[in-house]
Amino acid sequence: VTMDEVARYVGATVTDHEPDVESTAAAAADTSNSEGINLSGFTDLVGEHMQSKYFPRGHVVFHEGDPGDYMYFINSGTVEVSTKDGFRAKLGQGDSFGEGSLLRPGATRSATLRCATPVHVIQVDKEYFKKYLSSGDTKMALKLREKINTRSFGRVEFILSEQPGLERVDFEQGDILFNIGDEADEFFILDEGQVDVRGPKGNIIYEMSAGDVFGLQSLVMDRPRKASATCSSKEGCRCRRLDYHRFNQLLHKSPELKKALHDMCYRREFKRAVVLRSRKSFPVQEQLRQAFDDLDKDNSGELNIDEVRDLLTHLDKNLTDEQQKVLIESMDHTGSGNITFDEFQSVFGKL
């Protein structure tokens, strides 16, 4: 990798004199994509672990199911992301891809990447990538894993929204879409308006807006509804819904989708547990620290497994040990076994 290539990636101006590596890396932190991963952590920018690669239009960088050995920063050009279950997206200059399969031991590529145009990338090998993540920058590791979660959850919502069996249904302000205790036999996609999902005491757990999918948890966990959903928009709410039978067929076809959907639902369950424990509506940023400290009984600055399990048991005594384990693992981005405040507050981002 030459410094000219790094400068093009970060949007810097290349001068005739030798650039300063540290200042170039700092520029990368300011101008690369906003989702948290960039070249700033790679202080040894020129070396055998990073290589400049050119791929012609139509070249397949990797196929879904391939082992993952490298991640990539896009210097120029556009790549198309596709999956066997129908997901499609495009990435361009400043984006990165290929990180996901490097983070999970034994994981394979979750999508196929094809060049829509000629593409220049900076390729980073697996070992150097791991060195980067283990350098002590836990916030960067958290941002990276949240980026992967965001992509994964976005894929879930896209695939669900493209299902052919979706039925259009409209609601007026005040209409109830489902109530606590109802049998869970469908989920909803909100196209227009706002839907408030409330707990038993009437406090708002989630505020759903256009593009959001809701009503999934009880389907995934095979239980009656634990919350109610009401259209709160003056203009009403336009939705689409899919019944349980078609939903179940979809999950059987795609294990990758099923896992991502379970992760998303379990994280929403944790959010619901925090809201119900605090007896307040959906916490704003300033309230999150207080909610975290209330759960941190031993004042260690982290939530240990027992503290999280106590919260989850208070939420639903029927949650199995395996379900609790999956939920904790979905939030424990650093693999420490505990939940830090940064990990805790990341759950309250948009899901």
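**Salt bridges, a sheet and confidence**

Trainee: How many salt bridges does the structure hold?
Mentor: A salt bridge here is a side-chain nitrogen of Lys or Arg within 4 Å of a carboxyl oxygen of Asp or Glu. This is a predicted model, where local features need pLDDT of at least 70 and side-chain atom pairs count only at pLDDT 80 or more, while totals for chains, interfaces and linings use all residues. Residues are numbered from 1 along each chain as its sequence is written, and side-chain values use heavy atoms, leaving out hydrogens and water. The number of salt bridges in the structure is 15.

Trainee: Which strands does the salt bridge of Arg168 and Asp191 tie together?
Mentor: The closest N and O atoms of Arg168 and Asp191 are 2.7 Å apart. Strands (E, at least two residues) and helices (H or I, at least four) are DSSP runs, numbered from the N terminus. Arg168 and Asp191 are 23 residues apart in sequence, so their pair ties together strands β9 (residues 167-171) and β11 (residues 186-192).

Trainee: Which helices hold Asp310 and Arg277?
Mentor: The side chains of Asp310 and Arg277 meet in a salt bridge at 3.5 Å, N to O. Asp310 lies in a helix spanning residues 305-315 and Arg277 in one spanning residues 255-278. In that order, the helices are α10 and α8.

Trainee: Which are the edge strands of the four-strand open sheet?
Mentor: Two strands pair if DSSP finds at least two bridges between them. The order is β2-β7-β4-β5, with antiparallel pairing. Each edge strand pairs on one side only, and these are β2 (60-62) and β5 (88-91).

Trainee: What is the bridge partner of Val60 in β7?
Mentor: Strand β7 covers residues 112-115 and pairs with β2 over two bridges, in the antiparallel sense. Within β7, the partner of Val60 is Arg114.

Trainee: Where does pLDDT stay under 50, with 63 contacts beyond four places in sequence?
Mentor: pLDDT is the predictor's confidence in each residue, from 0 to 100, and the chain averages 79. A contact means heavy atoms within 4.5 Å. Where pLDDT is low, the predicted coordinates should not be read in detail. The stretch you ask about is residues 1-37.
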